[in-house]
Amino acid sequence: MTGNGGREISVALLGCGVVGSQVVRLLTEQADELAARIGARLRLAGVAVRRPQRHPDVPGDLLTTDAAGLVTRDDVDVVVELVGGIEPVRGLLLTALKNGKSVVSANKALLAEDGAALAAAADESGADLYYEASVAGAIPLLRPIQQSLAGDRIVRVAGIVNGTTNFILSAMASSGANYAEALEEAGRLGYAEADPTADVDGYDAASKAAILASLAFHTRVTADDVYREGIRDVTAADIAAAKALGCTVKLLAICEQTDGAVSARVHPAMIPRSHPLASVSGAYNAVFIEAAAAGQLMFYGQGAGGPQTASAVLGDLVAAARNRVIGGRGPRDTAHAALPVLAMGETLTRYHVALDVTDRAGVLAQVAGVFAEHGVSIATVRQEGRGEAGRDADDGAPGPKDATLVIVTHSASDAALAATVEALTGLDAVQGVAGVLRVEGLGRPVTELGGTS
(Lines give C-alpha, C1' and ligand atoms only; values in the text may rest on other atoms or scores of the structure.)
Protein backbone atom coordinates (compact mmCIF):
# COMPACT_ATOMS: atom_id res chain seq x y z
CA MET A 1 0.00 0.00 0.00
CA THR A 2 1.46 3.34 -1.00
CA GLY A 3 1.49 6.43 1.20
CA ASN A 4 -1.03 9.29 1.48
CA GLY A 5 -1.83 11.13 -1.73
CA GLY A 6 -1.10 8.14 -3.96
CA ARG A 7 -2.68 5.56 -1.71
CA GLU A 8 -3.49 2.18 -3.30
CA ILE A 9 -4.79 -1.16 -2.13
CA SER A 10 -3.35 -3.97 -4.21
CA VAL A 11 -5.65 -6.91 -5.02
CA ALA A 12 -4.80 -10.43 -6.16
CA LEU A 13 -7.62 -12.36 -7.83
CA LEU A 14 -7.67 -16.16 -7.85
CA GLY A 15 -9.99 -17.40 -10.60
CA CYS A 16 -11.58 -15.48 -13.43
CA GLY A 17 -14.68 -17.41 -14.41
CA VAL A 18 -18.28 -16.23 -14.42
CA VAL A 19 -17.95 -14.31 -11.17
CA GLY A 20 -14.27 -13.37 -11.41
CA SER A 21 -14.68 -11.77 -14.82
CA GLN A 22 -17.48 -9.62 -13.41
CA VAL A 23 -15.27 -8.58 -10.51
CA VAL A 24 -12.58 -7.47 -12.98
CA ARG A 25 -15.21 -5.53 -14.97
CA LEU A 26 -16.61 -3.77 -11.91
CA LEU A 27 -13.15 -2.90 -10.58
CA THR A 28 -12.42 -1.19 -13.90
CA GLU A 29 -15.77 0.49 -14.53
CA GLN A 30 -16.26 1.74 -10.97
CA ALA A 31 -12.65 2.53 -10.15
CA ASP A 32 -13.20 6.20 -9.28
CA GLU A 33 -16.33 5.61 -7.22
CA LEU A 34 -14.73 2.74 -5.30
CA ALA A 35 -11.69 4.91 -4.57
CA ALA A 36 -13.95 7.63 -3.17
CA ARG A 37 -15.73 5.13 -0.90
CA ILE A 38 -12.52 3.52 0.33
CA GLY A 39 -10.15 6.46 0.52
CA ALA A 40 -7.67 4.64 -1.71
CA ARG A 41 -7.62 3.25 -5.23
CA LEU A 42 -7.94 -0.47 -5.83
CA ARG A 43 -5.19 -1.80 -8.07
CA LEU A 44 -5.47 -5.26 -9.60
CA ALA A 45 -2.02 -6.76 -9.05
CA GLY A 46 -2.59 -10.08 -10.79
CA VAL A 47 -5.14 -12.69 -11.85
CA ALA A 48 -4.28 -16.36 -11.32
CA VAL A 49 -5.90 -18.73 -13.83
CA ARG A 50 -5.16 -22.17 -15.21
CA ARG A 51 -5.46 -21.24 -18.91
CA PRO A 52 -4.46 -17.63 -19.64
CA GLN A 53 -5.44 -17.95 -23.31
CA ARG A 54 -9.10 -18.24 -22.29
CA HIS A 55 -9.12 -14.74 -20.82
CA PRO A 56 -8.46 -12.32 -23.69
CA ASP A 57 -10.33 -9.49 -21.90
CA VAL A 58 -7.78 -9.43 -19.05
CA PRO A 59 -4.51 -7.59 -19.76
CA GLY A 60 -1.80 -10.16 -20.40
CA ASP A 61 0.61 -8.68 -17.89
CA LEU A 62 -1.91 -9.41 -15.10
CA LEU A 63 -2.47 -13.06 -15.93
CA THR A 64 -0.44 -15.75 -14.21
CA THR A 65 -0.62 -19.48 -13.59
CA ASP A 66 1.44 -19.14 -10.42
CA ALA A 67 -1.25 -18.67 -7.77
CA ALA A 68 1.14 -19.49 -4.93
CA GLY A 69 3.57 -16.83 -6.09
CA LEU A 70 0.80 -14.26 -6.46
CA VAL A 71 -0.61 -14.63 -2.94
CA THR A 72 2.83 -14.23 -1.36
CA ARG A 73 3.86 -11.10 -3.28
CA ASP A 74 4.90 -8.29 -0.96
CA ASP A 75 2.77 -5.72 -2.78
CA VAL A 76 -0.51 -7.66 -2.41
CA ASP A 77 -2.86 -6.42 0.33
CA VAL A 78 -6.05 -8.41 -0.34
CA VAL A 79 -6.57 -11.84 -1.95
CA VAL A 80 -9.95 -12.45 -3.58
CA GLU A 81 -10.62 -16.16 -4.09
CA LEU A 82 -13.21 -17.31 -6.65
CA VAL A 83 -11.77 -20.69 -7.63
CA GLY A 84 -13.88 -22.95 -5.41
CA GLY A 85 -13.12 -26.43 -4.12
CA ILE A 86 -10.95 -27.47 -1.20
CA GLU A 87 -7.40 -27.96 -2.45
CA PRO A 88 -5.16 -26.25 -3.41
CA VAL A 89 -7.30 -23.29 -2.36
CA ARG A 90 -7.10 -24.06 1.37
CA GLY A 91 -3.32 -23.89 1.33
CA LEU A 92 -3.29 -20.69 -0.73
CA LEU A 93 -5.69 -18.87 1.58
CA LEU A 94 -3.96 -20.04 4.75
CA THR A 95 -0.66 -18.80 3.33
CA ALA A 96 -2.20 -15.44 2.43
CA LEU A 97 -3.73 -14.99 5.89
CA LYS A 98 -0.57 -16.05 7.71
CA ASN A 99 1.29 -13.43 5.70
CA GLY A 100 -1.12 -10.76 6.91
CA LYS A 101 -3.11 -10.42 3.70
CA SER A 102 -6.85 -10.01 3.98
CA VAL A 103 -8.97 -12.62 2.21
CA VAL A 104 -12.32 -12.33 0.45
CA SER A 105 -13.82 -15.66 -0.59
CA ALA A 106 -17.02 -17.09 -2.05
CA ASN A 107 -15.91 -20.65 -1.32
CA LYS A 108 -18.81 -22.18 0.63
CA ALA A 109 -17.41 -25.72 0.52
CA LEU A 110 -14.07 -24.72 2.05
CA LEU A 111 -15.61 -22.43 4.65
CA ALA A 112 -18.08 -25.13 5.70
CA GLU A 113 -15.31 -27.71 6.00
CA ASP A 114 -12.43 -25.71 7.43
CA GLY A 115 -13.64 -22.24 8.30
CA ALA A 116 -12.21 -22.61 11.79
CA ALA A 117 -8.64 -22.92 10.48
CA LEU A 118 -9.09 -19.89 8.22
CA ALA A 119 -10.53 -17.82 11.07
CA ALA A 120 -7.68 -18.85 13.36
CA ALA A 121 -5.09 -17.84 10.77
CA ALA A 122 -6.82 -14.47 10.33
CA ASP A 123 -6.86 -13.91 14.10
CA GLU A 124 -3.19 -14.80 14.45
CA SER A 125 -2.05 -12.30 11.84
CA GLY A 126 -4.72 -9.64 12.40
CA ALA A 127 -5.97 -9.97 8.82
CA ASP A 128 -9.57 -9.82 7.64
CA LEU A 129 -11.60 -12.81 6.41
CA TYR A 130 -14.79 -11.93 4.53
CA TYR A 131 -17.15 -14.34 2.77
CA GLU A 132 -20.54 -12.71 2.19
CA ALA A 133 -20.71 -14.15 -1.32
CA SER A 134 -20.50 -17.74 -0.05
CA VAL A 135 -24.21 -17.80 0.89
CA ALA A 136 -27.17 -16.45 -1.10
CA GLY A 137 -25.26 -14.53 -3.77
CA ALA A 138 -26.15 -10.85 -3.84
CA ILE A 139 -28.36 -10.97 -0.73
CA PRO A 140 -26.77 -9.10 2.23
CA LEU A 141 -27.14 -11.82 4.84
CA LEU A 142 -23.96 -12.79 6.67
CA ARG A 143 -23.02 -9.25 7.64
CA PRO A 144 -26.45 -8.53 9.18
CA ILE A 145 -26.15 -11.76 11.18
CA GLN A 146 -22.61 -11.00 12.24
CA GLN A 147 -23.01 -7.26 12.91
CA SER A 148 -26.59 -5.94 12.90
CA LEU A 149 -27.86 -8.77 15.11
CA ALA A 150 -24.71 -9.03 17.24
CA GLY A 151 -26.60 -7.78 20.29
CA ASP A 152 -29.53 -10.15 19.84
CA ARG A 153 -30.06 -13.88 20.29
CA ILE A 154 -30.89 -15.67 17.06
CA VAL A 155 -33.05 -18.73 17.58
CA ARG A 156 -33.69 -19.87 14.02
CA VAL A 157 -32.33 -19.29 10.51
CA ALA A 158 -34.32 -21.02 7.80
CA GLY A 159 -34.42 -20.49 4.11
CA ILE A 160 -34.19 -21.34 0.48
CA VAL A 161 -30.49 -21.10 -0.33
CA ASN A 162 -30.26 -23.02 -3.61
CA GLY A 163 -31.83 -21.53 -6.71
CA THR A 164 -31.66 -24.67 -8.84
CA THR A 165 -33.75 -26.77 -6.49
CA ASN A 166 -36.19 -23.94 -5.90
CA PHE A 167 -36.69 -23.57 -9.65
CA ILE A 168 -37.33 -27.31 -9.99
CA LEU A 169 -39.82 -27.48 -7.13
CA SER A 170 -41.55 -24.30 -8.32
CA ALA A 171 -41.89 -25.79 -11.81
CA MET A 172 -43.33 -29.00 -10.39
CA ALA A 173 -45.87 -27.01 -8.37
CA SER A 174 -46.94 -24.71 -11.20
CA SER A 175 -47.10 -27.20 -14.07
CA GLY A 176 -47.65 -30.58 -12.45
CA ALA A 177 -44.39 -31.83 -13.99
CA ASN A 178 -42.48 -34.65 -12.36
CA TYR A 179 -38.95 -34.24 -11.03
CA ALA A 180 -37.19 -35.48 -14.20
CA GLU A 181 -39.18 -33.12 -16.43
CA ALA A 182 -38.55 -30.12 -14.19
CA LEU A 183 -34.83 -30.92 -13.96
CA GLU A 184 -34.61 -31.11 -17.74
CA GLU A 185 -36.26 -27.70 -18.02
CA ALA A 186 -33.86 -26.25 -15.44
CA GLY A 187 -30.92 -27.53 -17.46
CA ARG A 188 -32.32 -26.13 -20.71
CA LEU A 189 -32.69 -22.67 -19.16
CA GLY A 190 -29.23 -22.74 -17.57
CA TYR A 191 -30.38 -23.06 -13.96
CA ALA A 192 -28.97 -26.59 -13.54
CA GLU A 193 -25.43 -27.77 -14.22
CA ALA A 194 -24.70 -30.71 -16.50
CA ASP A 195 -24.01 -32.60 -13.27
CA PRO A 196 -26.62 -31.24 -10.83
CA THR A 197 -25.58 -33.45 -7.91
CA ALA A 198 -24.33 -30.67 -5.63
CA ASP A 199 -27.64 -28.88 -5.97
CA VAL A 200 -30.33 -31.57 -6.13
CA ASP A 201 -28.72 -33.80 -3.48
CA GLY A 202 -28.41 -30.89 -1.05
CA TYR A 203 -24.61 -30.60 -0.78
CA ASP A 204 -24.58 -26.92 -1.80
CA ALA A 205 -27.33 -26.04 0.68
CA ALA A 206 -25.67 -28.06 3.46
CA SER A 207 -22.44 -26.07 3.13
CA LYS A 208 -24.42 -22.84 3.37
CA ALA A 209 -26.36 -24.15 6.37
CA ALA A 210 -23.07 -24.88 8.17
CA ILE A 211 -21.88 -21.31 7.58
CA LEU A 212 -25.20 -19.81 8.70
CA ALA A 213 -25.36 -21.93 11.87
CA SER A 214 -21.75 -21.13 12.78
CA LEU A 215 -22.34 -17.39 12.53
CA ALA A 216 -25.81 -17.29 14.05
CA PHE A 217 -25.04 -19.46 17.08
CA HIS A 218 -21.32 -18.67 17.67
CA THR A 219 -20.57 -22.39 17.41
CA ARG A 220 -18.39 -24.23 14.91
CA VAL A 221 -20.69 -26.21 12.64
CA THR A 222 -19.24 -28.06 9.66
CA ALA A 223 -20.93 -29.55 6.61
CA ASP A 224 -20.54 -32.98 8.22
CA ASP A 225 -22.73 -31.79 11.12
CA VAL A 226 -25.57 -30.90 8.77
CA TYR A 227 -28.23 -33.51 8.03
CA ARG A 228 -28.71 -33.59 4.26
CA GLU A 229 -31.52 -34.85 2.08
CA GLY A 230 -32.06 -33.74 -1.52
CA ILE A 231 -35.09 -33.45 -3.80
CA ARG A 232 -34.65 -36.43 -6.14
CA ASP A 233 -37.38 -38.39 -4.34
CA VAL A 234 -39.95 -35.58 -4.31
CA THR A 235 -42.85 -36.67 -6.52
CA ALA A 236 -45.70 -34.94 -8.27
CA ALA A 237 -47.94 -36.72 -5.74
CA ASP A 238 -46.02 -35.05 -2.88
CA ILE A 239 -46.54 -31.65 -4.49
CA ALA A 240 -50.25 -32.37 -4.94
CA ALA A 241 -50.58 -33.56 -1.35
CA ALA A 242 -48.97 -30.37 -0.10
CA LYS A 243 -51.32 -28.27 -2.19
CA ALA A 244 -54.33 -30.12 -0.76
CA LEU A 245 -53.14 -29.17 2.73
CA GLY A 246 -52.61 -25.51 1.90
CA CYS A 247 -48.84 -25.97 1.67
CA THR A 248 -46.02 -25.96 -0.82
CA VAL A 249 -42.79 -27.99 -0.91
CA LYS A 250 -39.40 -26.27 -0.62
CA LEU A 251 -35.85 -27.49 -0.06
CA LEU A 252 -35.00 -25.75 3.21
CA ALA A 253 -31.84 -25.13 5.16
CA ILE A 254 -32.91 -24.95 8.81
CA CYS A 255 -30.60 -23.98 11.66
CA GLU A 256 -32.04 -23.80 15.18
CA GLN A 257 -30.89 -23.13 18.73
CA THR A 258 -32.94 -24.81 21.46
CA ASP A 259 -32.26 -25.92 25.02
CA GLY A 260 -28.54 -25.20 24.91
CA ALA A 261 -27.86 -27.03 21.65
CA VAL A 262 -27.97 -26.32 17.93
CA SER A 263 -29.19 -28.28 14.94
CA ALA A 264 -28.63 -27.83 11.22
CA ARG A 265 -30.46 -29.70 8.48
CA VAL A 266 -31.29 -29.55 4.80
CA HIS A 267 -34.29 -31.39 3.41
CA PRO A 268 -37.50 -30.89 1.42
CA ALA A 269 -40.44 -29.87 3.58
CA MET A 270 -44.03 -28.74 3.38
CA ILE A 271 -44.55 -25.16 4.55
CA PRO A 272 -47.89 -23.30 4.79
CA ARG A 273 -48.66 -21.08 1.80
CA SER A 274 -49.21 -18.28 4.33
CA HIS A 275 -45.49 -18.26 5.21
CA PRO A 276 -43.35 -15.65 3.36
CA LEU A 277 -40.94 -18.34 2.13
CA ALA A 278 -43.76 -20.15 0.32
CA SER A 279 -44.09 -17.36 -2.24
CA VAL A 280 -40.40 -17.48 -3.23
CA SER A 281 -40.40 -19.02 -6.69
CA GLY A 282 -38.04 -19.67 -9.56
CA ALA A 283 -34.30 -19.46 -8.94
CA TYR A 284 -34.58 -16.89 -6.16
CA ASN A 285 -33.27 -17.31 -2.61
CA ALA A 286 -34.77 -16.14 0.66
CA VAL A 287 -33.71 -16.56 4.29
CA PHE A 288 -36.00 -16.12 7.29
CA ILE A 289 -34.38 -15.19 10.61
CA GLU A 290 -36.04 -15.28 14.01
CA ALA A 291 -34.35 -13.45 16.87
CA ALA A 292 -35.39 -12.94 20.48
CA ALA A 293 -35.63 -9.14 20.31
CA ALA A 294 -35.77 -8.30 16.60
CA GLY A 295 -38.46 -10.89 15.89
CA GLN A 296 -38.93 -12.19 12.36
CA LEU A 297 -36.83 -10.87 9.46
CA MET A 298 -36.61 -12.00 5.84
CA PHE A 299 -33.87 -11.46 3.26
CA TYR A 300 -34.76 -12.03 -0.40
CA GLY A 301 -33.08 -11.75 -3.78
CA GLN A 302 -31.04 -13.46 -6.46
CA GLY A 303 -28.85 -16.11 -4.91
CA ALA A 304 -26.50 -16.70 -7.83
CA GLY A 305 -25.26 -15.24 -11.10
CA GLY A 306 -22.06 -13.49 -12.16
CA PRO A 307 -22.97 -9.83 -11.55
CA GLN A 308 -25.04 -10.64 -8.48
CA THR A 309 -22.32 -12.63 -6.72
CA ALA A 310 -19.68 -10.13 -7.85
CA SER A 311 -21.70 -7.43 -6.05
CA ALA A 312 -21.28 -9.31 -2.76
CA VAL A 313 -17.57 -9.87 -3.46
CA LEU A 314 -17.03 -6.16 -4.13
CA GLY A 315 -18.84 -5.30 -0.91
CA ASP A 316 -16.40 -7.47 1.03
CA LEU A 317 -13.45 -6.08 -0.90
CA VAL A 318 -14.47 -2.50 -0.07
CA ALA A 319 -14.77 -3.42 3.62
CA ALA A 320 -11.35 -5.11 3.67
CA ALA A 321 -9.75 -2.21 1.79
CA ARG A 322 -11.25 0.39 4.16
CA ASN A 323 -9.82 -1.51 7.10
CA ARG A 324 -6.41 -1.40 5.45
CA VAL A 325 -6.69 2.35 4.99
CA ILE A 326 -7.63 3.10 8.61
CA GLY A 327 -5.38 0.43 10.10
CA GLY A 328 -8.12 -1.65 11.69
CA ARG A 329 -9.88 -4.92 11.02
CA GLY A 330 -13.43 -6.11 10.62
CA PRO A 331 -15.57 -8.22 12.97
CA ARG A 332 -14.06 -11.52 14.02
CA ASP A 333 -15.77 -14.86 13.77
CA THR A 334 -16.49 -16.15 17.25
CA ALA A 335 -17.22 -19.66 18.45
CA HIS A 336 -17.39 -18.74 22.12
CA ALA A 337 -20.73 -20.49 22.68
CA ALA A 338 -19.36 -23.89 21.63
CA LEU A 339 -22.82 -25.46 21.83
CA PRO A 340 -23.31 -29.17 21.11
CA VAL A 341 -24.75 -30.03 17.71
CA LEU A 342 -27.78 -32.31 17.83
CA ALA A 343 -27.94 -35.40 15.66
CA MET A 344 -30.87 -35.48 13.26
CA GLY A 345 -32.53 -38.24 15.28
CA GLU A 346 -32.95 -35.80 18.18
CA THR A 347 -34.43 -33.02 16.07
CA LEU A 348 -38.14 -32.33 16.48
CA THR A 349 -40.51 -31.54 13.64
CA ARG A 350 -43.87 -32.61 12.22
CA TYR A 351 -44.45 -35.15 9.46
CA HIS A 352 -46.82 -35.88 6.61
CA VAL A 353 -47.02 -39.65 6.05
CA ALA A 354 -48.95 -41.27 3.20
CA LEU A 355 -49.60 -45.02 3.48
CA ASP A 356 -51.09 -47.38 0.89
CA VAL A 357 -53.26 -49.74 2.92
CA THR A 358 -55.80 -52.51 2.48
CA ASP A 359 -59.25 -51.04 3.03
CA ARG A 360 -60.76 -53.22 5.69
CA ALA A 361 -62.08 -52.88 9.22
CA GLY A 362 -59.49 -52.23 11.92
CA VAL A 363 -56.66 -50.99 9.70
CA LEU A 364 -56.80 -47.42 10.96
CA ALA A 365 -56.72 -48.65 14.55
CA GLN A 366 -53.65 -50.80 13.77
CA VAL A 367 -51.83 -47.91 12.15
CA ALA A 368 -52.70 -45.53 14.99
CA GLY A 369 -51.44 -48.11 17.47
CA VAL A 370 -48.02 -48.21 15.81
CA PHE A 371 -47.72 -44.41 16.01
CA ALA A 372 -48.71 -44.54 19.69
CA GLU A 373 -46.18 -47.29 20.47
CA HIS A 374 -43.37 -45.05 19.26
CA GLY A 375 -44.61 -41.92 21.00
CA VAL A 376 -45.65 -40.10 17.82
CA SER A 377 -48.90 -38.19 18.29
CA ILE A 378 -51.29 -37.95 15.33
CA ALA A 379 -52.77 -34.52 14.58
CA THR A 380 -54.98 -35.38 11.57
CA VAL A 381 -55.92 -38.41 9.47
CA ARG A 382 -57.49 -38.41 6.04
CA GLN A 383 -58.45 -41.41 3.91
CA GLU A 384 -58.34 -41.30 0.14
CA GLY A 385 -60.13 -44.33 -1.32
CA ARG A 386 -59.56 -45.96 -4.71
CA GLY A 387 -62.50 -47.27 -6.67
CA GLU A 388 -65.71 -46.55 -4.77
CA ALA A 389 -65.49 -43.36 -2.74
CA GLY A 390 -66.98 -42.33 0.57
CA ARG A 391 -66.62 -45.63 2.45
CA ASP A 392 -65.20 -45.74 5.96
CA ALA A 393 -62.30 -48.15 6.32
CA ASP A 394 -63.33 -48.95 9.90
CA ASP A 395 -67.08 -49.41 9.57
CA GLY A 396 -66.91 -52.87 8.03
CA ALA A 397 -69.04 -51.93 5.03
CA PRO A 398 -68.10 -53.08 1.52
CA GLY A 399 -65.66 -50.72 -0.18
CA PRO A 400 -62.65 -50.42 -2.43
CA LYS A 401 -59.89 -53.01 -2.09
CA ASP A 402 -57.29 -50.47 -1.01
CA ALA A 403 -56.90 -46.86 0.04
CA THR A 404 -54.37 -44.24 1.04
CA LEU A 405 -54.15 -42.99 4.61
CA VAL A 406 -52.71 -39.50 4.94
CA ILE A 407 -51.46 -38.78 8.45
CA VAL A 408 -50.05 -35.53 9.81
CA THR A 409 -48.28 -35.78 13.16
CA HIS A 410 -47.61 -33.40 15.97
CA SER A 411 -43.92 -32.63 16.67
CA ALA A 412 -41.82 -35.75 17.13
CA SER A 413 -38.18 -36.70 16.96
CA ASP A 414 -36.80 -37.86 13.66
CA ALA A 415 -35.67 -41.11 15.29
CA ALA A 416 -39.18 -41.83 16.58
CA LEU A 417 -40.73 -41.17 13.19
CA ALA A 418 -38.18 -43.38 11.42
CA ALA A 419 -38.90 -46.23 13.84
CA THR A 420 -42.63 -45.72 13.30
CA VAL A 421 -42.33 -45.92 9.52
CA GLU A 422 -40.17 -49.04 9.76
CA ALA A 423 -42.74 -50.71 12.02
CA LEU A 424 -45.62 -49.72 9.71
CA THR A 425 -44.00 -51.51 6.77
CA GLY A 426 -44.23 -54.71 8.78
CA LEU A 427 -48.04 -54.59 9.00
CA ASP A 428 -49.88 -56.92 6.62
CA ALA A 429 -52.43 -54.22 5.92
CA VAL A 430 -49.79 -51.68 4.82
CA GLN A 431 -48.95 -52.21 1.17
CA GLY A 432 -46.32 -49.49 1.12
CA VAL A 433 -45.24 -46.06 2.29
CA ALA A 434 -46.23 -43.70 -0.50
CA GLY A 435 -44.33 -40.75 0.95
CA VAL A 436 -42.91 -39.07 4.03
CA LEU A 437 -42.30 -35.33 4.15
CA ARG A 438 -41.47 -33.08 7.05
CA VAL A 439 -43.89 -30.24 7.83
CA GLU A 440 -42.37 -26.96 9.02
CA GLY A 441 -44.28 -24.10 10.57
CA LEU A 442 -41.08 -22.04 10.96
CA GLY A 443 -42.30 -20.13 13.97
CA ARG A 444 -45.92 -19.86 12.88
CA PRO A 445 -48.92 -22.05 13.76
CA VAL A 446 -49.67 -24.65 11.11
CA THR A 447 -53.41 -24.37 11.65
CA GLU A 448 -54.23 -25.73 8.22
CA LEU A 449 -52.85 -29.12 9.23
CA GLY A 450 -54.35 -29.38 12.68
CA GLY A 451 -52.72 -28.32 15.92
CA THR A 452 -49.72 -26.01 16.16
CA SER A 453 -46.14 -26.33 15.00
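Q: So how do β5 and β6 pair, parallel or antiparallel?
A: Strand β5 (residues 102-105) and β6 run parallel, with two bridges between them. Pairing here needs at least two bridges found by DSSP, and strands are DSSP runs of E of at least two residues, helices runs of H or I of at least four, both numbered from the N terminus.

Q: Which residue does Val103 face in β6?
A: Leu129 is the bridge partner of Val103 there.

Q: Before I go on, what kind of model is this, and how is it numbered?
A: It's a predicted model, where local features need pLDDT of at least 70 and side-chain atom pairs count only at pLDDT 80 or more, while totals for chains, interfaces and linings use all residues. Residues are numbered from 1 along each chain as its sequence is written, and side-chain values use heavy atoms, with hydrogens and water left out.

Q: Fine. What's the strand order in the sheet that holds β6?
A: It's an open sheet of six strands in the order β3-β2-β1-β4-β5-β6, with parallel pairing. The edge strands are β3 (63-64) and β6 (129-130), each of which pairs on one side only.

Q: Moving to α5: where does it bend?
A: Helix α5 (residues 108-125) bends by about 85 degrees at Asp114. The bend is the angle between axes fitted to the seven residues ending at a residue and the seven starting there.

Q: And which of its residues are buried?
A: Among them are Leu110, Leu111, Asp114, Gly115 and Leu118. Buried means under 20% relative accessible area, exposed is over 50%, and partly exposed is in between, using a 1.4 Å probe and protein chains only.

Q: What covers those buried residues?
A: The cover includes α4 (89-98), β6 and α10 (203-217).

Q: Other strands now. How many residues of β9 are buried?
A: Strand β9 (residues 247-258) has 11 of its 12 residues buried.

Q: Which strands does β9 pair with?
A: Strand β7 (residues 154-160) is one of its partners, antiparallel over four bridges. Strand β10 (residues 261-272) also pairs with β9 in the antiparallel sense, over 12 bridges. Glu256 has Ser263 in β10 as its bridge partner.

Q: What about the turn between β9 and β10?
A: That hairpin has two residues between the strands, and Asp259 takes a positive phi near 50 degrees.

Q: What else does β7 pair with?
A: Strand β11 (residues 284-291) runs antiparallel to β7, joined by six bridges. Val157 stands opposite Ile289 in β11 and opposite Cys255 in β9. Gly159 stands opposite Ala253 in β9.

Q: Is β7 mostly covered or mostly open?
A: Mostly covered: six of its seven residues are buried.

Q: New topic, Asp414. Why does it count as buried?
A: Asp414 counts as buried because its relative accessibility is 14%. Asp414 is found in helix α14 (residues 414-424).

Q: What does Asp414 touch?
A: Leaving aside neighbours within four places in sequence, Asp414 is in contact with Met344, Gly345, Thr347, Tyr351 and Arg438. Contact means heavy atoms within 4.5 Å.

Q: How far is Asp414 from Arg350?
A: Their C-alpha atoms are separated by 8.9 Å, and the two residues are 64 apart along the chain.

Q: And Ala186, buried or exposed?
A: Ala186 is buried, with a relative accessible area of 0%. Ala186 lies in helix α8 (residues 179-188), and beyond neighbours within four places in sequence, Ala186 is in contact with Phe167, Ile168, Tyr191 and Ala192.

Q: Last bit, the whole protein. How many helices and strands?
A: There are 14 helices and 17 strands. Buried residues make up 53% of the 453 residues, and the C-alpha trace spans about 90 × 45 × 35 Å along its principal axes.

Q: What share of contacts joins residues at least 24 apart?
A: It's 74%, counting contacts between residues at least 6 apart in sequence.
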